[in-house]
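Subject: Structure for you to look at

Hello,

I am handing this structure over to you. Please open it first, then read the notes below.

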Amino acid sequence: MKIAFGLLLLVAGTAWADPGADVLSKVDNAMNNFTDGEFESKLFIREPGGAAREIDFTTFQKVPDKRLVRFSAPGDLKGMGVLVENKDVMYVFLPGFQKVRRVGTHVKAQTFMGSDFSYEDMSLSRYSPTYDAKLVKEDPSSWELALTVKAGQEIEYPKVHMWVDKKSNQPTKIDFEDAGGKVLKTSEYEGYHIDDANHYGPTKVVVTDHRRNDHKSEIVFTHVKLNQGLKDDFFTQRTLIRGH
Amino acid sequence: MATKRGGLVVVAVAGLVGWAGVARADVDIKFGGQISSDMRFRLAGEEVPPASPTATVPYPSQQRLLPYGFSRNENLIKAQLTLSISDRVKAVGDVDFYWYGYSDINDIDSETLHERVDPYRLEANAAYVDIYKILPHLDLRIGRQVVVWGTGDKFNPTNNVNTLDLSDPLLFGKAIANNMIRADWNPIGDLIVTAVWVPIFRPAQLPRTAPLAVTTPNTPAPVQEAFIRNQLGAFATAMPPSQINVYTMQPDPSIQNSQVGVRVAGRFAGLDMSASYYHGRWGIPTPAWAVEEPNGLVNAIVMWPRMDVVGADLAGSIEKLKGLGYWVEAAVTFPQKITYGVYNDAFGGHDPITFEPTGMKDANGNPTFITHIFAPEYQRGTVIPDTPFLKLTAGIDYTWNKYLYSNFQYVYGFIDEFGAGQQCYARDKITFNDYRCEARIGHYLVLGSDLKLFSDQLLLRFFGAFKVPQVGDQDPKFTAVLFPQIAWAVWDATELSLGAFLFLGDHDTKFGDPAAGASEIFLKARFTY
């Protein structure tokens, strides 16, 4: 009788589990469907007058957490590097001082080079560990998810709305919201294509910060190389100092 | 045969050309740099060199520093070149070419010379070759370079391999590149063992106001013992020096004078930690001799004390405090004892002035001495005792939001402080034997904050360092430096900045001392490429 009751609970639990969790899991897997990658990118910071500042950088990534970002333009950022070993350990290399400096994770609250991206945005590669997901709507080509931050997690956006393309299993649009559901920032992913190693990747990400009069920034991926076999010893302070 | 040999030559040349072509194709060239302009106006400073008939403006000139006047009018073209071949070898050059912006024409002949009408200087910040993985896990860097150790922000007591460029307060903490061999062994993860060998010592670059500390006749003698200081003051009163010339005793380029350093760094339990050792010299010279010549001329000699430094540091962040960053860095220095030889040659002899300890102490607890002239068997005054001393930096930083960043440090031992015991400042410019003494190693609170606005295009920065009195300081006085600045990133890589570097305090305080420098306001324009 106890066993039967237990099975009933299990079945009921499965039946009641929101499919949003599965969808979010698919998103995480699709976004990280490679072992390592090198992403050459251009960041455009659009000013209200329409002019844009451009920052060129390359991100080396090893799934899941390790990242090394190296800036190549403009001149005042050239040679600067950021190493993210995991969510709690970050280093910055400033070529003018020839020094690698451990930085507290408080810097995640800073904007990424004055753009509408934050360091937290740049370091968030998986949503499932941080958010619970609920499927809001589904049509033949997409899912709409509502994410709520898990208890005990501290993050700038406690609520998220995500639209997911069924073909690539990746987001096409994300609204980042405050606890009251007010949309603070929107990310739009454009130009999904199979970039390498059977991985779908966007060619452009546009971020609009509604708190800054809809100020826009966009990252254009100019060159992507996946699964080159980057080793853990690449993601060290030694690499940060010697440049790449 | 000739034809065959000619064919071989053609093949060899073709091979060489082909090889050279391949090699050239493999070289990755990166070029960058900076063009900038730096204009400053001095406020309420001491004139350098002092206005006297015998004082001359040094060459190449940065002109006379007036109490109120332009103190810098520089233009810089910086060029940085990096050549790499595969991932194994890299050669780096970094050269600054400065034009002073002041003419140096003492006579009509010099006005015919370009380098005197428009003086310039060249600085090489880097000229080294990097070889990665020369052996498994071992990298080598040979050439002119800067090695930076420590986790503190600008205040790094463990960082002694390169000496400092103190010529410009706005470059606070900048190190001077030197020729050295550096080896990094990275056996696993973030564990790195670094060894450095510096064959030839390069002294610190001093500010133009530094000679005021040793060439002003009423400066207290830099000796520890109060009695000896008073005695020397009495001599100076009896025979007032009319001019003080300061000569240097630079270390010989011998193997014994080379410097070595070792550092072990890694991450343990989420904390970045390191331990280091350095054997070398302190970059700022210390007075060691003074010889009274006829006619009130004093010839003084300065030298660079040896030292051994044992240091450690750590850094991390506290997630429970929203990722607050923190760091602690400390070093114990074991200095060479430096004594002060005083000779009276005014009457044709070479008479040492020495002091015999009485074994008793005065009312203030200071040892007392009997003065001897002609008796070299007694002791000289002590400038730097061989007592080990500690320097320490502990700090935190935090990003409040997208716009505001703050940094707070407690510093025990400013970047130019060295030696146990006390240092003294003349209370006024007329009377000898009236000075104020305080501990050589001082306590400081250092605050910094950045406010970034308009997509980081406008930066409002404030930096301040405040001296905190400690037990034993005579008549503690307020003294501080403030560094407010506004920087506008006009466009990509183009920045205009306007600000001030303000020295606050009476002239007998750490930052009010004229030798430390004078307050300046500045306007800079910079383009980087």
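How does the lining of the second largest pocket divide by class? It has nine nonpolar, ten polar and 16 charged residues. Here Ala, Val, Leu, Ile, Met, Phe, Trp, Tyr, Cys and Pro count as nonpolar, Asp, Glu, Lys and Arg as charged, and the others, Gly among them, as polar.

Some ground rules. This is a predicted model, where local features need pLDDT of at least 70 and side-chain atom pairs count only at pLDDT 80 or more, while totals for chains, interfaces and linings use all residues. Residues are numbered from 1 along each chain as its sequence is written, chains are lettered from A and ligands numbered from 1 in the order in which they are written, and side-chain values use heavy atoms, with hydrogens and water left out.

The pocket

The second largest pocket has a volume of about 1,100 Å³. Its lining has 35 residues, and A:Lys108, A:Glu120, A:Glu154, A:Ile155 and A:Glu156 are the closest to its centre. Strand 4 (81–86) and helix 3 (119–123) of chain A each supply at least two lining residues, as does strand 19 (389–399) of chain B.

Terms: on a 1 Å grid over the protein atoms alone, a pocket is an open set of points with protein on both sides within 12 Å along at least five of seven lines. A cavity is a set of points where a 1.4 Å probe fits but cannot get out. Lining residues have an atom within 4 Å of a point. Grid points are joined across faces, edges and corners, and a volume is the space filled by probe spheres set on the points. Helices (H or I, at least four residues) and strands (E, at least two) are DSSP runs, numbered from the N terminus.

The cavity

The whole structure holds eight cavities of 30 Å³ or more.

The interface

Chain B brings 54 residues to the contact (heavy atoms within 4.5 Å), and chain A brings 42. About 3,700 Å² is buried between the two chains, with 42% from carbon and sulfur atoms. Buried area is the accessible area (1.4 Å probe) that two parts lose on being put together, summed over both. On the chain B side, B:Thr399, B:Lys402 and B:Ser455 lose the most area to chain A, together 17% of what that side buries.

Five salt bridges cross the interface (a side-chain nitrogen of Lys or Arg within 4 Å of a carboxyl oxygen of Asp or Glu). A:Glu156 and B:Lys402 meet in a salt bridge at 2.7 Å, N to O.

The backbone of chain A

The peptide bond from A:Val63 to A:Pro64 is cis, with omega near 10°. A:Pro64 sits in the loop between strand 2 (52–62) and strand 3 (66–73). The bond from A:Ala73 to A:Pro74 is also cis, with omega near 0°. A:Pro74 sits in the loop between strand 3 and strand 4.

Best wishes
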